Amino acid sequence: MTLRLKTAALASGLLLAGPALAESPMLWHSNSLTYLYGQDFTIDAPIQQTFTFEHVSGWTAGDLFLFLDSIHYNGKGNDDGHDDSSFYGELSPRLSLGKLTGTDIGVGPVKDVLLAATYEFGEGDVESYLIGPAIDLAVPGFDYLNLNLYRREADGDRDGDGVWQVTPVWAFTLPVGRSDLLIDGFMDWVVDNDDSYHANLHFNPQIKYDLGKALNWGEKQLYVGIEYDYWKDKYGVDDDSFVGDEILGGTDQNTASLLVKAHF
């Protein structure tokens with residue numbers, strides 16, 4: 001096991017274990033399934049359907065986020081040498097300094113200081129390990145606003161080692177008639193280059209209407225809406241590079257998908 005994997009495993013283990021002999025280290029959790037349909041994707045097939053499982057939970061030592069995408073490429077089958085589907089996921093535990101010490105370390109808008117880690121995995125050569133500091137912010141109007149700073153390390157000999165990534169994550173809720181509009185998402189901004197792996201920016205918000213609340217089925221259970229996806233130099237592939245020139249439309253992605261999301 002590599003040092004990077006040991007670090008990610010240690011962070012996950014500490015989070016799941018919680019304080020010694022804690023009877024119930026998980027404080028809360030939420031799971032969801034999302035269906036997405038969109039067009040005009042780049043590099044991969046232009047038409048895609050994605051089924052996503054998400055888990056988020058709070059623990060006595062921090063928090064945990066996990067997602068797994070099952071991606072289906074419409075019109076891109078094995079007859080042209082490519083698979084017609086793929087998968088990708090991320091496991092992201094964070095250790096809270098405030099929870100581990102049992103003290104309120106908030107100062108001004110900063111609610112907490114954390115150690116954040118992410119393990120990226122999926123089909124093909126995509127494994128990466130990320131680790132770095134994070135802060136949780138208390139900003140009026142936001143349900144939450146977190147800022148994570150990662151150092152990225154690629155598995156094996158793939159480019160993308162030792163580059164830095166800034167990842168804000170946010171959510172805020174707006175009342176709309178008899179229901180609510182939830183706007184949440186993330187941005188991954190890789191700020192520097194490593195040989196063939198180019199700096200890139202991935203901006204991915206979701207705009208979701210709480211249909212369950214509007215129909216009196218219960219709030220925060222069923223959403224409909226759109227996911228906007230902007231990715232400058234997708235996968236770290238420079239649009240001006242040889243590879244980028246060979247890809248119709250370049251490597252910058254600018255699209256939106258229809259969305260249905262159910263929580264359970």
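Me: Where is the place of Leu27?
Reply: In this predicted model, Leu27 sits in strand E1, which covers residues 26–38.

Me: Why does Leu27 count as exposed?
Reply: The cut-off for exposed is over 50% relative accessible area. Leu27 has 51% relative accessibility, so it counts as exposed.

Me: What makes Leu27, Trp28, Val56 and Phe65 a nonpolar patch?
Reply: A patch takes residues with over 30% relative accessible area and no salt bridge, and joins nonpolar side chains within 5 Å. Leu27, Trp28, Val56 and Phe65 form such a patch on the surface, and together they have about 360 Å² of accessible area.

Me: Why is the contact between the side chains of Arg94 and Asp136 called a salt bridge?
Reply: The test is a side-chain nitrogen of Lys or Arg within 4 Å of a carboxyl oxygen of Asp or Glu. For Arg94 and Asp136 the N to O distance is 3.0 Å, so the pair passes. Arg94 lies in strand E4 (residues 85–96) and Asp136 in strand E6 (residues 128–137), so the bridge ties together parts that are 42 residues apart in sequence.

Me: Are Arg94 and Asp136 buried or exposed?
Reply: Both Arg94 and Asp136 are buried. Arg94 and Asp136 also belong to a network of salt bridges that includes Asp63.

Me: How do you know that Arg158 forms a salt bridge with Asp125?
Reply: The closest N and O atoms of Arg158 and Asp125 are 3.0 Å apart. The limit is 4 Å, so this pair qualifies. Arg158 is in the loop between strands E7 (144–154) and E8 (163–176), while Asp125 is in the loop between E5 (110–122) and E6, so the pair ties together parts 33 residues apart in sequence.

Me: How many salt bridges does the structure hold?
Reply: There are 10 salt bridges in the structure.

Me: What makes Leu114, Ala116, Leu130, Ala134 and Tyr150 a nonpolar core?
Reply: A core is a set of buried residues of nonpolar types, joined through side-chain atoms within 4.5 Å. These 5 residues make up the largest such core, and E5 and E6 are the elements that give two or more residues to it. Beyond its neighbours within four places in sequence, Ala134 is in contact with residues including Arg94, Leu114 and Leu147.

Me: Which stretches have pLDDT below 50?
Reply: The mean pLDDT of the chain is 90, and 85% of residues reach 70 or more. Over residues 18–22 the pLDDT is below 50, and over residues 77–81 it is below 50 as well. Where pLDDT is low, the predicted coordinates should not be read in detail.

Notes
Residues numbered from 1 in each chain as written. Predicted model: local features only at pLDDT ≥ 70, side-chain atom pairs only at ≥ 80, totals over all residues. Heavy atoms only, no water. Helix = DSSP H or I, 4+ residues; strand = E, 2+ residues; numbered from the N terminus. Buried < 20%, exposed > 50% of the residue type's maximum accessible area, 1.4 Å probe, protein only. Patch = residues over 30% accessible without salt bridge, like charges linked within 9 Å, V, L, I, M, F, W, Y side chains within 5 Å. Areas by Shrake-Rupley, 256 points an atom, 1.4 Å probe, with all protein chains shown as cover. pLDDT = per-residue confidence, 0-100. Contact = heavy atoms within 4.5 Å.
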